[in-house]
Structure formats: C-alpha cells, structure tokens
Amino acid sequence: MLQTLKKYWFVCLVGVLLIGASIYFAYDQNKGKLPGKSVGGEDVVFSIGDQDITAGEFYDTLFNEMGVAGVYQFMEKAVVDPSIETTEEMKTQAQSYADSITAQYQSTYGDQYKEMLLTALNGVGYSKLSDLTDYFIHIQKTQQMIKDYINAHADEYIPAYVEAKKPRIVSHILIKMDDPANPTEEETNRVNAVKDALASGRDFGEVAQELSEDSGSAVQNGSIGYMDADSQLVSPFLETALAMNEGEVSEWIQTTYGWHIIKCDVSATETLKGYDEFYDALATYYPNLQPKVVWEKAQEMNLDFKGNDELQNKLLIYMGLNEKDEPETQPETTENTENPEGQGEDQNNAEDQNGENNGEQGGNE
C-alpha cells in the first residue's frame, strides 16, 4: 500500500538501511563534533537559504533508519516547498487525493486503517495523519518544478524521449471474440456495424461510446489516454499504435481479446505538452532528473553542508549525481502499479481503466 502513496512521485525515496545504519553510527559517535554554526545550542548539519537543518532534526531522521534517504527528504522539502507557490487548485486536488487514499485504507484495513496509513506516511518522511494533504501538495509542487525545468531545457530532454518512445494519445474500438482467428457470424456482424458507422462519417469517439466492447475506454469515447513504447499493451496493438500518425485510423487488428480499430488522436509534441502524463513519462525516461533539478535548485539557494564533505558525497552518490562513484542506492523511478484514486492521470489509465477491464484496452500483457 506504500506504493499507492509513492505513485504520484516521479522519484520514490528509498530507505537505505545499511547506509543509514552506518551514518547513524558515525553520527552517534561524533554528534558532539560536527563542524559549523549552532542554532539554539544545536549544531547545524546543513542549511538552505535562511533555513537551518539542525543536528537534532537530522538525528531523529537517522534514528528512524532513513539514512541518506532522510537527508534527501529534508533537502527536497526545503528546496521544493518554498520554490513553488501553493495554489488553491493544489490544495483542492491534494484533499481529493487524501480523501481517496483514506477511504481506500479504511476499506482495506478496517479499524486498523489509521495505523497502516501512518506507517505508509512514515515511510515517505511524514509523521502525522494530518500530513497526508501536505504530502500531496508537496508532490504536486515537485511535479510542477520538474515540468518547469523540462520546458526550460526542452531541447536537451524532449527530442530524445520523443524519438525513442513515440508518445501519443490513442483511442480504439474493441469487438470481443472468443476465437479472434475465427469470428462467428454474430461477431462479424458487430464488426460490420462499426465499419458501417465509421463509413457513414460518424465521429470515431461517438461510435466507440456506442459500439466498443471495452467498457473502460468506451465511456471516454474510446480513449485509452497517453501511451508510449513502454506501455504494457499486447504487441499487435502496441506496434500498430506506435506506427500511426496523428489523425490516422488503422485497419482492423487482431489480438487475443478480439478485433480492434485504432485512432491516433495526438502525436504532435507541442500538443502532448498539454498532458501531465507527458512530463511524468519524461521524468521516468531520465531517472536522475528529479534529484538533479532539486540539487541545482539547492545550489541556487546556497545549500551549505558546513564542511561535512562526507555527508555531501554520500548524498550525491544516493542521488546518482556523483560521476566518480557508482550509486549504492538512489531515488528510483516509480512503477505506477495502482490506481485506487481513480484520478485517471497516470499512464496506467491507458492500460487498464476501471480495473474490471484488464486486458481489454489494447490488451495488457
């Protein structure tokens, strides 16, 4: 269930027990010897702008065995939260996410849902149930920071991803068949009904809503949403969809689920920039992008480790930004494996809407 919370992050924060234990031991043995200034009698581990992260706060994090991941969490929050304005839309969306998550936990765990939810929150650096909304606000701010960075460095990031993964928005119409290689007369009649409707000039989405037998996408005018070469769709569907140009409608293709006709709704990069999923996919394609953005922003905000080069180096290794060392562990790209919130905003929505239609929308593998 922790993955449910993490699904909104471009990069999840991994608890590193071995590294955390070693740093904790070193800190515990030397906590009276940290270099740098003090605030309220406590040594400052690092500072960003006007914000000091004290040894006491840092110690608490390490005590909970979060290690370098805990340092990264402190740094990321200190960088992201003041850098992006909290809008009313963010607050509203965060509350919606929080309500959905809470309802799901309550349904799954019953009387123990608060304890389980708190455990999940602890795993991503939050200490109270009331922090759930703040967590989702922070996620939205992080997403906005990544989006702004990508747009500011579009030539550096976008063309390579588009060339490699061929992102697009796709719709389809499915006619289910027991044996797609040998359709029955009734199944053939249903295919012909779709052919006739499209041949008469009717809108593809309208026909999909009326005649497609993929109930999950039919209600969205046949749209399976955002997809690219990494989408978990059966090969015939995926290969056909990726080969199409914007506005094209395919011939009928056969998969294990029946016959599909596909429409490429959007493939132009400028149009895709209007979809949050485009930026999510870009951040997945460049797995070190989020820590890089956070780190660069931290430098702008005068991040200072107070002479603790060892801590700084471990953090850089964790983020995958130290070219001299192989990262022992670092923020990892999330796999969007759940969609309990039903927001319809991640790439899974292009693969399995409403849960009940697994395998219908292009045929998930």
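Contact is defined here as heavy atoms within 4.5 Å, and helices (H or I, at least four residues) and strands (E, at least two) are DSSP runs, numbered from the N terminus. By these criteria, Tyr149, Ile150, Asn151 and Ala152 of helix H7 meet Ala154, Tyr157 and Ile158 of helix H8. The structure is a predicted model, in which local features need pLDDT of at least 70 and side-chain atom pairs count only at pLDDT 80 or more, whereas totals for chains, interfaces and linings use all residues. Residues are numbered from 1 along each chain as its sequence is written, and side-chain values use heavy atoms, with hydrogens and water left out.

The protein chain contains 16 helices and nine strands. Of its 365 residues, 47% are buried, where buried means under 20% relative accessible area, exposed over 50%, and partly exposed in between (1.4 Å probe, protein chains only). Among contacts between residues at least 6 apart in sequence, 70% join residues at least 24 apart.

Axes are lines fitted to C-alpha atoms, for helices over the stretch in contact, and angles run from 0 to 180 degrees between N-to-C directions. Angles under 35 degrees count as roughly parallel, over 145 as roughly antiparallel, 65 to 115 as roughly perpendicular and the rest as oblique. H7 packs against helix H4 (residues 67–83) at an angle of about 80 degrees, with the axes 9 Å apart; H4 and H7 are therefore roughly perpendicular to each other. To this contact H4 contributes Glu76, Lys77, Val79, Val80, Asp81 and Ser83, and H7 contributes His138, Lys141, Thr142 and Met145. Between H7 and H8 (residues 154–165) the angle is about 95 degrees and the axes are 6 Å apart, so that these helices, too, are roughly perpendicular to each other.

Thr133 also lies in H7. Not counting residues up to four places away in sequence, Thr133 touches Ala94, Gln95 and Ala98. Thr133 and Ala98 are 35 residues apart in sequence, yet their C-alpha atoms are 5.6 Å apart in space. The side chains of Thr133 and Gln95 make a polar contact (3.4 Å). A polar contact is a pair of N or O atoms within 3.5 Å; within protein, one must be able to donate a hydrogen and the other to accept it, and residues adjacent in sequence count only if both atoms are side-chain atoms.

Strand pairing was examined next; two strands pair if DSSP finds at least two bridges between them. Strand E5 (168–176) pairs with E6 in the antiparallel sense over four bridges, with Tyr226 in E6 as the bridge partner of Ile169. E5 is also joined to E8 by eight bridges, again running antiparallel, and Val170 stands opposite Cys264 in E8. Strand E7 (residues 253–255) pairs with E8 in the antiparallel sense over three bridges; Ile253 stands opposite His260 in E8, and a hairpin of two residues joins E7 to E8. Five of the five residues of E6 (residues 223–227) are buried, so this strand is largely enclosed by the rest of the structure.

In helix H10 (residues 204–211), the buried residues are Phe204, Gly205, Val207 and Ala208. Seen down the helix axis, these residues fall within an arc of 160 degrees, so they line one face of H10; the arc is that of the directions from the helix axis to the C-beta atoms. Their cover includes E5, helix H9 (185–199), helix H11 (215–218) and strand E8 (258–266). The N-terminal end of H10 is capped by Asp203, with a side-chain oxygen 3.0 Å from the backbone nitrogen of Gly205.
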